[in-house]
Structure formats: C-alpha cells, structure tokens
Amino acid sequence: LFDGVYPFYPQQRKVSVFNVSTIIVIVVFLTFACSFLLIIPGIRGRARLYWMLRVLLSLVVGAVIIAVQFTGDWETGWVKANTSYKSFSRALVNADIGLHVGLSGVNVTLMGNPVNQVNETINYNEHFAWSFDADYDHSYSEGLERGLPSPILYVAEKFTTQSPCGVHRQYRISGHYASATLWVAFCTWLISNILFSMPVLVYGGYMLLVTGAFVIFSLLSFSTVRNSLMCPIQFGIATLHTGYGGSFWLTLAIGLLCFVAGITVVALHYFNLDLLKTFFDLREDKAEEYQEMTEVYVNPHVVSEGL
C-alpha cells in the first residue's frame with residue numbers, strides 16, 4: 001500500500017490484436033498497392049485486369065505472412081464472471097476477461113461491466129512476452145510489483161515457468177518455430193515473384209506450392225500446443241475456454257490460396273500453356289512482334305542483288 005491506497009498502474013497498455021509493428025506492415029504494403037494502382041492505367045487491354053489481379057493477390061499474401069507474426073489473436077478466449085478485483089480486498093466486480101495468445105506472447109484483457117466500478121475505471125490489457133529475447137517470469141514479477149488486478153495476474157500465472165500447468169515451454173517453442181517457418185514462407189514468396197517476372201512460370205508455381213507448404217507447417221507447429229493439457233482457468237463457476245483466433249484462420253486461408261494458385265499455374269503450364277501466357281501478358285508481346293515484322297518494307301532490288 002502507498003499512503004493507505006492500492007498502487008496505481010500508469011503504464012501504457014498494449015493493444016491485444018493490432019500493435020505498431022502490424023500497422024507498419026499494413027501501411028508499407030498499402031503503399032505498394034497504391035503505387036501500382038497509379039501506374040496501372042498505362043497498361044492496355046485485358047492485360048490491365050490480369051496485372052491488377054496478380055499484383056494485388058501477391059501483395060495480400062506477403063502482407064498476411066508478415067503481419068500475423070505480430071498479431072496477438074492466434075488463440076483467443078473470453079469469459080464473463082464475478083470476481084475479486086484486487087488482492088486483500090473482498091470487493092467483487094463484474095467483468096469480461098479475455099485471453100489472447102500470439103507467437104511472441106500473451107495478452108490478458110480485463111473490462112468491467114460497466115467500466116466504472118469500485119470507484120475505478122476497469123479497462124486493462126496487459127502483454128506478457130515469451131519470445132527468446134524476453135523474460136516472461138520477469139514481466140509477471142513486474143506485474144505483481146505494480147499491483148495489477150487479480151484476474152490478470154491469475155491468468156498470467158498459468159503461463160509462467162514455475163506454474164504446475166507446464167505450458168510455458170510448449171507455447172514458447174511452438175510460437176518460435178511457427179514464426180521461423182513463416183519467415184521462410186516469406187522468402188519463398190519473394191522468390192516466386194522473381195521467377196514470375198523473369199519469366200519462368202512453372203518454377204514460380206512450384207515456389208508458390210513451397211510457400212503454401214511452409215505456411216501450413218507454421219500452423220501445424222502452433223497447433224501442437226493443443227495436444228498438451230491446459231489447466232482450467234476458473235472464475236467461480238465460469239471457465240475461460242480458448243480456441244483458434246482470427247490470425248490462425250487467416251493464415252490457413254493464405255496457405256490454401258498459395259496451394260490453389262501454385263497448382264493452377266503448374267497445371268496450365270502442362271495442359272494449356274497459351275492461356276497461362278495470356279494471363280501473364282506474354283502472348284501479346286509475341287503478337288506485337290509478328291505484327292511489326294509484317295509491316296517491314298523489303299526492297300526487291302536489294303534482295304536480288306544479294307542473291
């Protein structure tokens with residue numbers, strides 16, 4: 001206690017789903033997209049539609065692969081409960097308690113119903129990192145020293161290294177390998193775009209398949225945490241249950257999109273190469289070349305002398 005009152009927590013609270021890194025990634029890819037939309041009027045005919053479809057889909061895939069590494073909703077859960085607000089106090093509050101698990105840490109949310117109760121504004125969102133350059137137990141100890149509300153500390157304690165639940169190492173390793181495979185998927189995505197621009201279409205399709213495979217591997221890596229028994233997070237008679245969040249399903253959709261695009265490119269290469277070249281704006285170039293050759297003037301006198 002400080003002068004007979006509980007400690008006030010003044011630190012800025014972190015957002016559970018979007019953070020600064022995610023916003024930076026979105027702004028960068030939106031800049032690329034807007035720059036392309038400015039130059040697309042210079043492309044003639046149906047090729048304009050094909051270019052726009054290819055570039056925008058490619059930018060969406062790249063943006064999602066990077067952005068989901070910084071989001072905090074790979075696994076989420078909410079529960080509404082009447083619970084104690086602070087230690088050594090009998091005051092009960094009605095609040096929504098949320099758990100948001102990301103690749104690099106966990107966010108615990110506490111929002112009162114209503115927000116103003118027991119003469120305080122109950123609206124907390126705390127982040128506890130477990131990446132390899134962060135100390136989760138140290139962050140939890142700092143939360144104890146700052147006097148965080150009891151529900152937040154109770155949920156955060158489940159993921160400490162000393163917790164009987166034993167899920168800290170599983171989440172940390174799974175998140176690390178999921179992030180690593182996503183970075184590999186981003187590299188293969190870059191290679192596929194380079195191959196498409198050379199153009200080596202069939203190998204670009206193969207690299208799209210590799211990109212989709214690494215995206216799925218990241219999902220499998222994160223899914224291994226579901227194999228371990230999760231300690232029940234109980235607030236009276238209410239239990240906080242978690243399930244896969246928006247980032248998980250968005251990553252799955254991008255992985256399947258890469259598989260579909262890669263299989264389509266490879267199949268068209270072997271069964272309908274003309275259609276594939278038309279979509280990548282290669283057939284029109286040859287047509288223009290032939291058209292230019294037909295307009296060449298040949299002097300018969302020079303030809304006869306050469307013969």
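This is a predicted model: local features need pLDDT of at least 70, side-chain atom pairs count only at pLDDT 80 or more; totals for chains, interfaces and linings use all residues.

Residues are numbered from 1 along each chain as its sequence is written, and side-chain values use heavy atoms, with hydrogens and water left out.

**The chain as a whole**

- The secondary structure comes to ten helices and seven strands, where helices (H or I, at least four residues) and strands (E, at least two) are DSSP runs numbered from the N terminus.
- Of the 307 residues, 41% count as buried, a term that means under 20% relative accessible area, with exposed meaning over 50% and partly exposed lying in between (1.4 Å probe, protein chains only).

**Regions listed in UniProt**

- An unreviewed UniProt entry lists residues 20-39, 51-71, 177-196, 202-225 and 246-271 under "transmembrane region", and such annotations may be inferred rather than shown by experiment.
- In the model, residues 51-71 are 81% helix and 0% strand, with end C-alpha atoms 30 Å apart, whereas residues 177-196 are 100% helix, with end C-alpha atoms 29 Å apart.

**The largest pocket**

- A pocket is an open set of points on a 1 Å grid over the protein atoms alone, where a 1.4 Å probe fits, with protein on both sides within 12 Å along at least five of seven lines, and its lining residues have an atom within 4 Å of a point.
- The largest pocket has a volume of about 920 Å³, the volume being the space filled by probe spheres set on the points, which are joined across faces, edges and corners.
- This pocket is lined by 31 residues, and Arg-54, Val-55, Ser-58, Asn-193 and Phe-196 are the closest to its centre.
- Helix H2 gives the most to the lining, with eight residues.

**Helix H4**

- Helix H4 (residues 150-157) is largely enclosed by the rest of the structure, because six of its eight residues are buried.
- Among the buried residues of H4 are Ile-152, Leu-153 and Val-155.

**Backbone details**

- A cis peptide bond, with omega about 5 degrees, joins Asn-113 and Pro-114, and Pro-114 is placed in strand S3.
- The peptide bond from Met-198 to Pro-199 is also cis, with omega near -5 degrees.
- In the loop between S3 and S4, Val-118 has a positive phi of about 45 degrees although it is not a glycine.
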